[in-house]
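Subject: Structure handover

Hello,

Here is the structure for you to look over. My notes follow below it.

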Amino acid sequence: VKFKDIYIFVDEYSASSSELMTLGLKKYLDNVTVIGRPTYGKGVGQRVFEDKENKVIIYLVGFYWNVKEENIIGKRIMPDVYVDSDDFEAYFNEIR
């Protein structure tokens, strides 16, 4: 499906996979507009694997890399259109 325009709403609570998706779409598509406030800038994820039978636990930490092959930890995605409100109508007003 080809979309005429793609709008991504972000704020300071947007982190991890939502940041990676935003970066990927912005890099490969020319019809993406990011609306809101700068994102969290999370660049790590954790996963726990537990084997109670063998009394083993593995705590895995992975670093997220954006599509430009930079670690995104501590970096924030700056929106194309800044919205200083938590009201969704303020976001939608920018689209209109």
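A salt bridge here is a side-chain nitrogen of Lys or Arg within 4 Å of a carboxyl oxygen of Asp or Glu. Keep that cut-off in mind for what follows. Note too that this is a predicted model.

Salt bridges

How many salt bridges does the structure hold? There are five. Asp11, Glu12, Arg37 and Asp86 are joined in a network of them.

Take glutamate 12 and arginine 37 to begin with. They form a salt bridge, with the closest N and O atoms 2.8 Å apart. Glutamate 12 sits in the loop between strand E1 (6–10) and helix H1 (17–28), while arginine 37 sits in the loop between strand E2 (32–36) and E3, so the pair ties together parts that are 25 residues apart in sequence. Glutamate 12 is partly exposed, at 29% relative accessible area. Arginine 37 counts as buried, at 7% relative accessibility.

Arginine 37 also forms a salt bridge with aspartate 86. Here the closest N and O atoms are 2.7 Å apart. Aspartate 86 belongs to the loop between E5 and helix H2 (88–95), and arginine 37 to the loop between E2 and E3, so this pair ties together parts 49 residues apart in sequence. Is aspartate 86 buried or exposed? Aspartate 86 is exposed, with a relative accessible area of 64%.

Another salt bridge joins the side chains of aspartate 80 and lysine 26, at 2.8 Å from N to O. This pair links distant parts of the chain, 54 residues apart. Aspartate 80 is in the loop between E4 and strand E5 (81–82). Lysine 26 is in helix H1. Both residues are partly exposed: aspartate 80 has a relative accessible area of 45%, and lysine 26 has 34%.

Proline 38

Proline 38 is also in the loop between E2 and E3. Its relative accessibility is 13%, and it counts as buried because the limit for that is under 20%. Which residues is proline 38 in contact with, leaving aside its neighbours within four places in sequence? They are Asp11, Glu12, Arg76, Ile77, Met78, Pro79 and Tyr82. Serine 14 is 24 residues from proline 38 in sequence, and their C-alpha atoms are 8.4 Å apart in space.

Helix H1

H1 has twelve residues. From its first C-alpha to its last it reaches 17 Å, close to the 16 Å expected at 1.5 Å a residue. Its buried residues are Glu19, Thr22, Leu23 and Gly24. An α-helix has 3.6 residues a turn, so residues three or four places apart point the same way. What covers the buried residues of H1? The cover includes E1 and E2.

Strands E3 (residues 44–51) and E4 (residues 56–63) run antiparallel. Eight bridges join them. One of the pairings involves glutamate 50, whose bridge partner in E4 is isoleucine 57. The hairpin has four residues between the strands. In this hairpin, lysine 55 takes a positive phi near 55°.

Best regards

Technical notes. Residues numbered from 1 in each chain as written. Predicted model: local features only at pLDDT ≥ 70, side-chain atom pairs only at ≥ 80, totals over all residues. Heavy atoms only, no water. Pairing = 2+ DSSP bridges. Helix = DSSP H or I, 4+ residues; strand = E, 2+ residues; numbered from the N terminus. Buried < 20%, exposed > 50% of the residue type's maximum accessible area, 1.4 Å probe, protein only. Contact = heavy atoms within 4.5 Å. Expected span 1.5 Å × (residues − 1).
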